[in-house]
Amino acid sequence: MPRNTIVEVEGLKWKYNEGKEVLKGVDLFIEKGEFIGLTGPSGAGKTTLVLALTGVIPQRIPGDLDGTVKICGFDTRLTEVSKIARKVGVVFEDPETQFVMSTVEDEMVLGLETRNLDPSEIRERVSWALELVGLDKSFLSRSPLELSGGEKQRVAIASVVALEPDVLILDEPTSDLDPIGKGEVFASIENLRKELNTTIIMVEHETEKLAEYSDRIVVLRDGKIELEGDPSHVFSRIDFLKKIGVKPPEVVEITTRLGFNLPALTIEEALPEILNIMKKQSVKNIQAGKSEVEYVEDKEVVLSMKKVKYIYPGGIEALKDVSVSFRRGEFVAVVGPNGSGKTTLAKLACGVLKPTWGTVLLAGRDIKTMRRSELVQKIGYVFQNPDHQLFCQSVREEIAFGLRIIGLPEEQIQRKVEDISKLLGINNLLDEHPFFLSKGERRRLALASVIALEPDVLIVDEPTTGQDYKLCNELMELLDEYRRRGKTVIVISHSIPLILKHVDRMIVMYNGRILADGKPRKILENENIIEKARLEIPQTRILTKKIEKITGFPLPVYTPGELLEVLSTSSVKNSV
Amino acid sequence: MRTTRSILHEMLGIPPRDSIYLRLHPLTKISVAFLLSIALIFATNIATVILLLVAVTVFLLLAKIPLGTLQKYIVVIISISSFIILAIFLLSPSPEGNIIYKKIFVSVKAEKGTWEWGLIITDKGVEKAIIFISRILVMVLTATLLLGSLSDWEVIWGLRSLRVPYVVSLAIALFFRGIALFLKDFQVIRESMMVRGLDIEKGSLFLKFKAYIYSLTPLIVLMIRKSQEISLALETRGISLKEKTSTLYYKMSFTKNDFLVILSTLAILIFAAFIGGV
């Protein structure tokens, strides 16, 4: 056992009352001041482990626990959750569910007041914590719910940090954030470590950031620790990680495949070695957008918006004179920072919101003139949170819901239910209640219930949030399959690597307007757009941009595979 | 301390406007609503309800709460009022007062006399209906005044000043937050039903009713999940049922405006009791 141990987990097994064993013998020891990156596929038991570390399991959630968990000297079976909380702070995935009060100041004061601190000390701690996460005092009077995604998560962290915990646990704190938001959160945590030597345990799918900041990586799979060690050791198991649904950092993949003794964890570490390789061999010149799917400009327009403006009842102008059209067979991604108008655009397209100004045409007809039952056969929208979209008593009923409304014969409905459930891999769950499914399954059910109506245009809002790499790819494959049936798919997403892999057109939104519309790779070459719309550039492209800057040689590649292909080919001599 | 976000703001997105009333001590604002609610008990005649309606309207104007925001709820108030009026006129077996209008729907003649049922409008019945509707209006306006001028923190703060335990005060503040979350979820669920083909806007009353039934499942599930999440968030921040604290972060004292408002409301209460016939 290491010295200075602050977390001791020995032989931890946990079974929920419904009978599902989620943790199957976890041993984990963490030293004071360590930064532990906890990752693994969806359903591996990461959140359950977090709850076990805080004492919520077994004290608040019924089930069977075996083994021991000690944190900051407290046995989590015997010490009250609120007492453990005096030493252990937790930030959950969705900051909104943690906000209790209506202003940032009240939110931060809430936990501090119960510590019986002097008001002047509370005031000092509030200012300090806010500064630590990079927010100023002007935020104090604002509502936490009205902040951007990154700001919300930073307020959640500040509220916990103000309590000065010895251990800070963060459960997927960046899953719903744009790249800038993610950077802000990691920078806040780094500040905290520097200032207070706080032990950090972070659950995260974002392995590139984990590789950069963590001292140790723990990969959990099926309730057991599958891999544990320093980031370069763990992330070099590229094929294994990909197989279980964990996306390894791109630079680690590149440098491992290139045969580095110790793979690089950051771009800075990888750059000199790659430049060396490029010096030794010649490099093939490749063009940007080479592997992209071609536009389908000859196909008919299925959805178009003309000069659409939308003002919310509170007066917020969410969409400003937007004109855009979508053609049959397109796979389009709508990207942009939180609050840029992406979801409003989707809701206007499917008639949930009515434009304040302008028109929305579906197959040339104004949607105002269409009945709802007619509209749903032409355009479908899958909400970000599946729980808002499920209201029947069984999976079968849920998929059949829309089909019954449009008046399909029962025999046909049952046939469609079987087909769609098979396509989405939920055919074995047809008689289950939707709310007893896992989040991934609920997401697929929400999608199935809309796809069942076979709309010509399908809009899916953030389908990959909080899901592992494998599930994200499977979902995007599925949407691509739907597109291949001659449908138009519009996906709202932050994930540029997934967009590059699957999508042929990207619309960038910023401040209620369309900032760019075109091929993803072409747009991603525009620095101004990237900066303004807070787009995430894949690690490989950041690396190749640095190479371009040093060598002057154009290397517009976006994926590890493309870069490795370039580096292993020798068609242009002495390029560097 | 100034109310920057009222509960009404959280629920309906109506931001508070700075006013004398808004700057009052939270306890004063809670007391006004409490005293006006007590006064309603004495509102048994038209004079009393008019007095209370005027009083609460003056307070609303002082608080600069836009009365136009109540427009949305007028339909609901009218529906309830119509139901009450009909109930008064149709279900009173032998209405008191002078008959203004009479229309008999059913008449049964028997040996011992005639039994009749129909719409009988009397001057006393009209007065009763006005009192009933005005009382509902006073209740709605008082609730608007309270929610439009208090933030959730002021609820906790005000109640704690009254020696209500910390956890109870927090639970009451959370109740209001729960309503705001409920309304937001309901809105999204309604939209998701439209996306699945239910024409809630143009559909029949039966369809609307069906939609409410459908929305119950996700609403209940979301409510349970959210309350679990909020209670976990509180507990993992060290706030438990046994929590006791003497620290008051905000310092605020009564001003002459507070005394003036409380005394005025007390005077209204006494006057209402007097003219209400106590």
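The following paragraphs lead the reader through a predicted model, from the contact between two chains to single residues.

In this predicted model, local features are reported at pLDDT of at least 70, side-chain atom pairs count only at pLDDT 80 or more, and totals for chains, interfaces and linings use all residues. Residues are numbered from 1 along each chain as its sequence is written, chains are lettered from A and ligands numbered from 1 in the order in which they are written, and side-chain values use heavy atoms, with hydrogens and water left out.

The size of an interface is often given as the accessible area lost when the parts come together. Here chain B and chain A bury about 5,500 Å² between them, 56% of it on carbon and sulfur atoms; buried area is the accessible area (1.4 Å probe) that two parts lose on being put together, summed over both. On the side of chain B, B:Arg196, B:Arg237 and B:Tyr249 supply 20% of the area buried against chain A, more than any other three residues.

The rule finds five salt bridges between chain B and chain A, a salt bridge being a side-chain nitrogen of Lys or Arg within 4 Å of a carboxyl oxygen of Asp or Glu. B:Glu235 forms a salt bridge with A:Arg60, and the closest N and O atoms are 2.4 Å apart.

Helices (H or I, at least four residues) and strands (E, at least two) are DSSP runs, numbered from the N terminus.

Attention now turns to helix 5 of chain A. Ten of the ten residues of this helix (residues 104-113) are buried, so it is largely enclosed by the rest of the structure. Buried means under 20% relative accessible area, exposed over 50%, and partly exposed in between (1.4 Å probe, protein chains only). Among the buried residues of helix 5 are A:Glu105, A:Asp106 and A:Met108. Its cover includes helix 4 (95-98), helix 6 (119-132) and helix 7 (149-161) of chain A, together with helix 6 (152-161), helix 7 (166-195) and helix 8 (205-235) of chain B.

Helix 4 of chain A contains A:Gln98, a buried residue with a relative accessible area of 5%. A polar atom of the side chain of A:Gln98 lies 3.2 Å from the backbone oxygen of A:Phe92. Leaving aside neighbours within four places in sequence, the contacts of A:Gln98 include A:Glu107, B:Ala233 and B:Arg237.

The peptide bond from A:Ile57 to A:Pro58 is cis, with omega near 10°, and A:Pro58 is placed in helix 2 (residues 56-59). A:Glu454 is not a glycine, yet it has a positive phi of about 45°; this residue is found in the loop between helix 18 (439-451) and strand 17 (457-461) and, at 34% relative accessibility, counts as partly exposed. A:Asn511, also not a glycine, has a positive phi of about 55°. It is found in the loop between strand 19 (505-510) and strand 20 (513-518) and is partly exposed, with a relative accessible area of 46%.

Finally, the structure holds zero disulfides over all chains, a disulfide being a pair of cysteine sulfur atoms within 2.5 Å. For A:Cys350, the nearest cysteine sulfur, that of A:Cys392, is 19 Å away. A:Cys350 is buried, with a relative accessible area of 3%.

Definitions and conventions. Contact means heavy atoms within 4.5 Å. A polar contact is a pair of N or O atoms within 3.5 Å; within protein, one must be able to donate a hydrogen and the other to accept it, and residues adjacent in sequence count only if both atoms are side-chain atoms.
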